[in-house]
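I opened a structure that was new to me and kept notes as I went.

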Amino acid sequence: MDNQAEVREFLTSRRAKITPEQAGLPAGPRRRVPGLRRSEVAALADVSVEYYAKLERGNLAGVSPAVLEAVARALRLDDAERAHLLHLAQAADGSDALARPRRRAATRQWKPHPSLQWTLDAVTEGPAFVRNGRMDLLAVNRLARGFYADVYADPHNQENLARFTFLSPDARRFYPDWDQAADISVAILRTEAGRDPHDKDLHDLVGELSTRSDAFRTRWGAHDVRHHGTGFKRYHHAVVGELTLAYQGLEMAAEPGLTLTIYTAEPASPSEQSLRLLASWAATPQPPEPTPHTSG
């Protein structure tokens, strides 16, 4: 992806989100731009207006960590946004490969080590799976395969959660809070784009979704990023119905760029009962799809 364009659009979008009141500045009359002016960000970051304008044009090469931190403070960036800005600066310097552990471009053809699959299979009371930053499902336990039955049922999804979210007609039923799920999905992809700007598979996925989904294209243009570590989500599974699940996402030290996620339900809750029903269903061999009859 075009690093300068990414930097320019990210900084501009963050500046537009901060009001003068939030920054401790007087609003003043006749403001022509949403959020802060460039001069205000420059003053808050203690750099010249000309220097900040250079940064916002996308020129982060050679910028010191102290200046990046000052800009992050001025724009009130959260942890995920700070990390994203740092990744963009490292890419501009060509130093991203030196600054972070080497990341494998894990594709859908990537195969987990047997011990990883054993680990996933040892989790029997909740869906457990490994995904990459493009949201490809790379390895799953039995319960996760049953949980994501809609994703696996349609080959057009290509076992990719982002593609399922935006292109599958089943997604809005599976995600009762679809807007939230869509926001999270795009934020994960945008974060990955900052971490690995040369990932061709990611470029292709973003291009496909931008072309085929207005909802994706609008969200992609917002430049929102996030760390997706823990929380609760609601689902509506086609077999067991409503589920409210907690999730924990763990970065895999042995496989940089991959995340192990486990879903669990509150003990003694209806969702726990539904998960047990889902586990029973997932363990039952499903009948093969009927073969269309052709007459000779």
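The entries below take those two topics in turn.

**Entry 1: the model.** I noted before anything else that this is a predicted model.

**Entry 2: a helix pair.** I recalled that two packed helices are described by the angle between their axes and the distance between the axes. I looked up helix α1 (residues 3-17) and helix α3 (residues 49-56), which pack at about 120° with their axes 8 Å apart. Angles from 65 to 115 degrees count as roughly perpendicular and those over 145 as roughly antiparallel, so α1 is oblique to α3. I then listed who makes the contact: α1 brings Val 7, Arg 8, Leu 11, Thr 12 and Arg 15, while α3 brings Tyr 52, Leu 55 and Glu 56. Sorted by class, this contact has 4 nonpolar, 3 charged and 1 polar residues.

Entry 3: The largest cavity holds about 240 Å³ of space. I counted 19 residues lining the largest cavity, and the closest to its centre are Tyr 175, His 228, Lys 233, Tyr 235 and Tyr 263.

**Entry 4: the lining.** Which elements each supply at least two residues of the lining of the largest cavity? I wrote down the helices α10 (161-167) and α12 (178-195) and the strands β1 (128-131), β3 (230-237) and β5 (259-264). Helix α12 gives the largest share of this lining, 5 residues. By class, I recorded 10 nonpolar, 5 polar and 4 charged residues in the lining of the largest cavity.

Methods
Residues numbered from 1 in each chain as written. Predicted model: local features only at pLDDT ≥ 70, side-chain atom pairs only at ≥ 80, totals over all residues. Heavy atoms only, no water. Axes fitted to C-alpha atoms, helices over the stretch in contact; angles between N-to-C directions. Helix = DSSP H or I, 4+ residues; strand = E, 2+ residues; numbered from the N terminus. Parallel < 35°, antiparallel > 145°, perpendicular 65-115°, else oblique. Contact = heavy atoms within 4.5 Å. Nonpolar A, V, L, I, M, F, W, Y, C, P; charged D, E, K, R; others polar. 1 Å grid on protein atoms, 1.4 Å probe; cavity = no way out; pocket = protein on both sides within 12 Å on 5 of 7 lines; lining within 4 Å. Points joined across faces, edges and corners; volume = space filled by probe spheres on them.
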